[in-house]
Number of protein chains: 2
Amino acid sequence: MTEHQSEAAATTVATPSPHELRSDARDNRDRILQVARTIFAEEGIDVPMREVARRAGVGPATLYRRFPTKEALVTEAFREQMAACNALVDAAVADPDPWRGLRTVIEQVSAMHAEDRGFTAAFVSAFPQAVDFAQERSRALQALSGLIRRAKDAGGLRRDFVLDDLVMLIMANSGIRATSREAAVAASRRFVALQLRSISARPNDGPLPPAVRLPLLAALR
Amino acid sequence: MTEHQSEAAATTVATPSPHELRSDARDNRDRILQVARTIFAEEGIDVPMREVARRAGVGPATLYRRFPTKEALVTEAFREQMAACNALVDAAVADPDPWRGLRTVIEQVSAMHAEDRGFTAAFVSAFPQAVDFAQERSRALQALSGLIRRAKDAGGLRRDFVLDDLVMLIMANSGIRATSREAAVAASRRFVALQLRSISARPNDGPLPPAVRLPLLAALR
DNA sequence: TCGCGAGTGGAACACCCCGTCCGTTTCGGC
DNA sequence: GCCGAAACGGACGGGGTGTTCCACTCGCGA
């Protein structure tokens with residue numbers, strides 16, 4: 001960690017940026033990340049590192065040279081999704097109609113979780129020590145807290161709704177599993193619509209998104 | 001399996017009932033089950049068998065002699081909870097007010113899941129090959145299907161509610177985690193109240209159970 | 001073209017888990 | 001008390017996973 005501290009940092013970097021990698025190494029790194037994102041989305045983050053390496057066509061050592069630990073790989077793999085998530089929150093907060101903004105952010109974040117099983121794990125509790133995520137998350141929650149207040153004042157959101165309810169709904173949504181990604185997304189959509197109905201200040205009796213067959217027994221993705 | 005088929009089954013049994021065990025063996029068996037229930041409720045069913053054995057004060061071999069596989073231990077540990085769950089369903093189906101029956105069963109099953117993390121796993125997807133549970137489950141789902149129809153006809157339940165929604169709500173409820181069992185139960189209670197509001201045919205604006213602080217970051221049970 | 005160091009993959013290490021074997025201990029009928 | 005069978009626990013095998021070692025390869029500047 002503390003080596004090379006006196007040398008000029010121009011040439012020797014602890015973790016070289018992708019641009020300074022040798023061409024084959026950069027290709028491998030890109031391929032690893034791409035494979036990791038796909039496989040994490042499909043099967044969650046419990047896939048063995050070996051499997052990621054195998055599907056990326058590299059050996060375990062190569063994987064570990066670029067990402068010194070599994071947590072590092074997961075963090076890097078979900079960086080852009082986290083950014084997208086934050087952008088979503090920012091857009092919602094900027095919406096002139098706070099209640100519509102809140103509904104939209106709930107819908108979209110829930111959809112992201114339904115589409116990417118690994119993202120859910122990374123988001124909810126996977127690596128508490130991944131400070132990157134925790135910081136952004138607390139910032140987002142703070143922004144959402146303001147949005148909630150404004151949505152109440154605007155009369156769209158029930159007055160007894162609190163920030164913890166939002167967290168609760170996201171967690172609950174992530175508990176829904178189905179036999180395929182499509183089914184999970186569809187189920188999540190109906191679930192969220194049900195949610196929004198119950199947290200709305202005004203009665204709303206429009207039709208719900210269609211129900212989805214949920215086996216509950218086995219073969220859940 | 002097919003040994004001793006001609007002998008009188010009075011004395012030699014493949015798996016001796018607890019009464020026919022030697023006193024020390026029976027004590028050990030009881031202690032193992034008790035420990036398993038406690039530890040499964042606290043930490044889920046992913047605890048190693050060794051840990052169960054250690055906390056029961058026996059060796060791994062003793063544990064495996066009584067419960068030849070981990071699945072057998074889990075099945076046995078949750079047998080009475082499964083029975084309680086089925087009794088709950090039966091009571092709900094027998095309720096003269098089907099909508100009240102449905103509400104009650106949702107509330108109570110959700111509470112059971114919040115209280116016992118291992119039960120959730122055993123219930124939702126843990127061992128698909130545990131035929132014991134699967135059979136009872138399908139029977140219960142069938143009974144609930146009738147209850148749902150009657151609750152709709154009675155005017156309490158929304159007409160667009162289907163059995164899969166019930167499954168979905170149970171799954172969603174099991175996604176809620178908190179820092180302690182008490183917090184999980186409280187959060188689940190509020191969640192279910194929110195649910196019932198959204199699936200009710202009639203608007204209902206009574207107060208909700210209190211909200212619960214949900215960290216979302218780490219240290220979730 | 002050449003050389004060197006970054007890069008690589010396969011084997012290996014360390015650890016954890018489920019489930020089994022076997023020599024020893026203990027219950028309980030006589 | 002005696003003694004045989006039931007019961008016991010520590011050690012072991014097999015498999016899986018995160019991570020590292022090491023001899024070899026190969027991109028790329030000179």
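How many nonpolar, polar and charged residues does the surface near DNA strand D have?

1. This is a predicted model, in which local features need pLDDT of at least 70, side-chain atom pairs count only at pLDDT 80 or more, and totals for chains, interfaces and linings use all residues. Residues are numbered from 1 along each chain as its sequence is written, while chains are lettered from A and ligands numbered from 1 in the order in which they are written.

2. The surface near DNA strand D has eleven nonpolar, five polar and seven charged residues. Here Ala, Val, Leu, Ile, Met, Phe, Trp, Tyr, Cys and Pro count as nonpolar, Asp, Glu, Lys and Arg as charged, and the others, Gly among them, as polar.

3. Around DNA strand D there are 23 residues, of which A:S23, A:P48, A:A61, B:G59 and B:A61 come nearest. A residue is near a strand if its C-beta atom, placed from the backbone, lies within 6 Å of it. With four residues, α3(B) gives the most to this surface; helices are DSSP runs (H or I, at least four residues), numbered from the N terminus.

4. DNA strand C is surrounded by 23 residues, and A:G59, A:A61, B:S23, B:P48 and B:A61 are the closest. α3(A) provides the largest share of the surface near DNA strand C, four residues.

5. In the contact between the chains, 34 residues come from chain A and 34 residues from chain B; two residues are in contact if their C-beta atoms, placed from the backbone, lie within 7 Å. On the side of chain A that touches chain B, α9(A) gives the most, with eight residues.

Methods
Helices (H or I, at least four residues) and strands (E, at least two) are DSSP runs, numbered from the N terminus.
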